[in-house]
Every structure is written in structure tokens, then in C-alpha cells.
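Hello,

Here is the structure for you to look over. My notes follow below it.

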Amino acid sequence: MNETYLKVMLSLFAPSTSEDHSDRGDVPGWVMITMMTAILVAAILVVAQDALIGMFNNAMSMLSR
């Protein structure tokens, strides 16, 4: 009886040895978000490259005046 009581009390009040590391984050999710962002930036660059170069050149010419 004493051994069973001790086991129950230890399981209730002792810290768990198998801690859940939920603060580590979701690494595969972050990798997917990073890859999707890179693909989106590349797609926008392909579509709007000429306009972006024109805006950059215009801004640089305004600075040199």
C-alpha cells in the first residue's frame, strides 16, 4: 500500500521527465514559408523587372541632379 501511494504521489507532484518542447517551433513550416516567399519574389521579379529597373534608374537620376 505504501509503495502504491508513493508512486501516485510522485506521479502527481514530480516534474515530468518527458518534457514537451513546444517552444522549438515548426521547422518544416518555416522552411516552406521561406521557400514560398523566395519563389514569389522570383516570380514578381520576372514579371516586373523592366519596371523596377526603370524606377531605380529614375530615382538615381533624381539624386544626382
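This is a predicted model: local features need pLDDT of at least 70, side-chain atom pairs count only at pLDDT 80 or more; totals for chains, interfaces and linings use all residues.

Helix 1 covers residues 2–13. From its first C-alpha to its last it reaches 16 Å, close to the 16 Å expected for its 12 residues. Helix 1 is hardly covered, with a count of 0 buried residues.

Those 2 helices come with 0 strands in the chain. Buried residues make up 2% of the chain's 65 residues. The chain exposes about 6500 Å². Carbon and sulfur atoms supply 69% of that area.

One surface feature to look at is a nonpolar patch. Val27, Val31, Met35 and Ile39 form it, with about 400 Å² of accessible area together. Met35 lies in helix 2, which runs over residues 27–63.

Is Met35 buried, exposed or partly exposed? Its relative accessible area is 49%. Buried means under 20% and exposed means over 50%, so Met35 counts as partly exposed.

Best regards

Methods: Residues are numbered from 1 along each chain as its sequence is written. Side-chain values use heavy atoms; hydrogens and water are left out. Patches are made of residues with over 30% relative accessible area and no salt bridge: like charges are joined within 9 Å, nonpolar side chains (Val, Leu, Ile, Met, Phe, Trp, Tyr) within 5 Å. Accessible areas come from the Shrake-Rupley method with a 1.4 Å probe; for residues, only the protein chains shown count as cover. A salt bridge is a side-chain nitrogen of Lys or Arg within 4 Å of a carboxyl oxygen of Asp or Glu. Helices (H or I, at least four residues) and strands (E, at least two) are DSSP runs, numbered from the N terminus. Buried means under 20% relative accessible area, exposed over 50%, partly exposed in between (1.4 Å probe, protein chains only). The expected span of a helix is 1.5 Å times one less than its number of residues.
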